Amino acid sequence: MFQRFPFRVPTARARLTGQRRPAPLRPAALLGAALLTTLLSACTGTEEAGVPLTLAILSDGGTVLRAVTPTDTNGVVTAPEQARVTVTGGVSLATPADGQRLLLTRRDGVESRAPDLSDPRPYPDPTFTPRCNLQSAQNAARDRLLILSDCGGVQNLALYQSGALVWTAALPGALVTAPGADTPPTRLAVQGDVGIVARARLGGGSEVLRAAPVTAGDPVAEVSLPQASPAIRDLANLGGTLIAATDTGVQSLTPAGLPDATTTRSALGATRFDHLWTGGNQNLLAAWRDAALSGNGSEPLRLWDGRAATAATVENVTDLRDLTITPDGFLYTLTGNALRRHDTLLGLQNGNWRSVTLPVALQDARSVTWVVPTP
């Protein structure tokens, strides 16, 4: 039987405070772990047998953060709003390793919040100024967060581990042509203490930079010289392997950070994708071609479990902004004004995704992630 995805709860709730050593589980953390155990015990594709997860949604152009709890009652799916707060300069959301808080990347900083969006705890500010955070990326274990700041072409990186600042790095200036509809975007990936940046290259294609400390514990990372690469549309971390979306398919990165054409995932075809997401303990891969760039009204969202000969098509989507794959077996897609739920368990088994639009009023939504609700 296709099982729900495993999800490890670390033994230290204090990981987000920047402490390096695990602390004993507190009663709240023990209860959180029990909730996860109950939640993951369900294998029917419904939520009646477990505790519903909370979804955090960044909307209104990055100015509103809300928490909703999708609930299935006799086949009727609702999503009552649990909390809503105003934020400034919201960029993206992520879930750290323990799943009991959420991470909000803002233009000028990073903070963690409780599932009810209270108790904001800022991450230490990096040494560089000004700060214009453009995007972020997590490693497979979700205990590291890499931030890219881009203030008018002045690019800097900051790597955090469990809330503590590990290193910063200044990237060399980029020599690129004027941005166009098909110009490769800037994308990030992180593995261990190594950060990878792909950005547009003068003359076409992308260039890849690798940032890593020379000696463990160095507060400033060394950045490699830019390496020419075929166009990279997106980067992701699939089960600890860094992968790239190129115009000829999804490929693994070499140790130097370049796409390896010999590793093209045949299940997804030798075709272009513009966005990659991973989930299900980093073993599921979602891929989508940007409909605005393809010129089509919509494009199929593909989902691969790493084993099937061909990736499954979830549905055709227009204006896909973000998605998250929750440990209870659901995939949530976020467009500019809608949140939809798909059952990955049944979908991968027999094509019945049980897709439904959640009754959440959204405008200019930007990011979505999951978090374990507070008991």
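Reader: Which residue is the bridge partner of Ala94 in S7?
Author: In this predicted model, strand S6 (90–94) runs antiparallel to strand S7 (residues 102–106), and 4 bridges join the two. Within that pairing, the residue of S7 that stands as bridge partner to Ala94 is Leu103.

Reader: Which strands stand at the edges, each with a single partner strand?
Author: The open sheet has 4 strands in the order S6-S7-S8-S9, and their pairing is antiparallel. A strand with a single partner has one side left without a neighbour in the sheet, so the edges are taken by S6 (90–94) and S9 (121–122).

Reader: Is Arg106 buried or exposed?
Author: The side chain of Arg106 meets that of Asp108 in a salt bridge, with 2.3 Å from N to O. Asp108 is partly exposed, its relative accessible area being 43%. The relative accessibility of Arg106, by contrast, is 15%, and since buried means under 20%, Arg106 counts as buried.

Reader: What is the N to O distance in the salt bridge of Glu111 and Arg113?
Author: Side chains of opposite charge can pair when their charged atoms come close. Here Glu111 counts as buried at 8% relative accessibility, and Arg113 is likewise buried at 10%. Their side chains meet in a salt bridge, one for which the N to O distance is 2.6 Å.

Reader: How many residues apart are Arg272 and Asp247?
Author: The side chains of Arg272 and Asp247 meet in a salt bridge of 3.9 Å, N to O. Arg272 lies in the loop between strand S21 (249–252) and strand S22 (275–279), while Asp247 lies in the loop between strand S20 (241–246) and S21, and the pair thus links distant parts of the chain, with a separation of 25 residues.

Reader: How many of the residues of strand S1 are buried?
Author: Thr54, Ala56 and Leu58 point one way from S1, while Leu55, Ile57 and Ser59 point the other way, and buried residues are found on both sides. Strand S1 (residues 54–59) is largely enclosed by the rest of the structure, because the number of its residues that are buried is 6 of the 6.

Reader: Which residue of S2 is the bridge partner of Ala56?
Author: S1 pairs in the antiparallel sense with strand S30 (residues 367–371) over 5 bridges, and in S30 the bridge partner of Leu55 is Trp370. S1 is also joined by 5 bridges to strand S2 (residues 64–68), again in an antiparallel arrangement. In that pairing with S2, the bridge partner of Ala56 is Ala67.

Reader: Leaving aside its neighbours within four places in sequence, which residues is Val360 in contact with?
Author: When neighbours within four places in sequence are left aside, the contacts of Val360 are with Ile57, Arg66, Val68, Ala79 and Leu339.

Reader: What is omega for the cis peptide bond that joins Thr129 and Pro130?
Author: Most residues other than glycine have a negative phi, and most peptide bonds are trans. Pro130 is found in the loop between S9 and strand S10 (133–138). The bond that joins Thr129 to Pro130 is cis, and its omega is about -10°.

Reader: What is the positive phi of Arg142?
Author: Arg142 sits in the loop between S10 and strand S11 (144–151), and with a relative accessible area of 13% Arg142 is buried. Although Arg142 is not a glycine, its phi is positive, at about 60°.

Terms used: Residues numbered from 1 in each chain as written. Predicted model: local features only at pLDDT ≥ 70, side-chain atom pairs only at ≥ 80, totals over all residues. Heavy atoms only, no water. Pairing = 2+ DSSP bridges. Salt bridge = Lys/Arg side-chain N within 4 Å of Asp/Glu carboxyl O. Buried < 20%, exposed > 50% of the residue type's maximum accessible area, 1.4 Å probe, protein only. Contact = heavy atoms within 4.5 Å.
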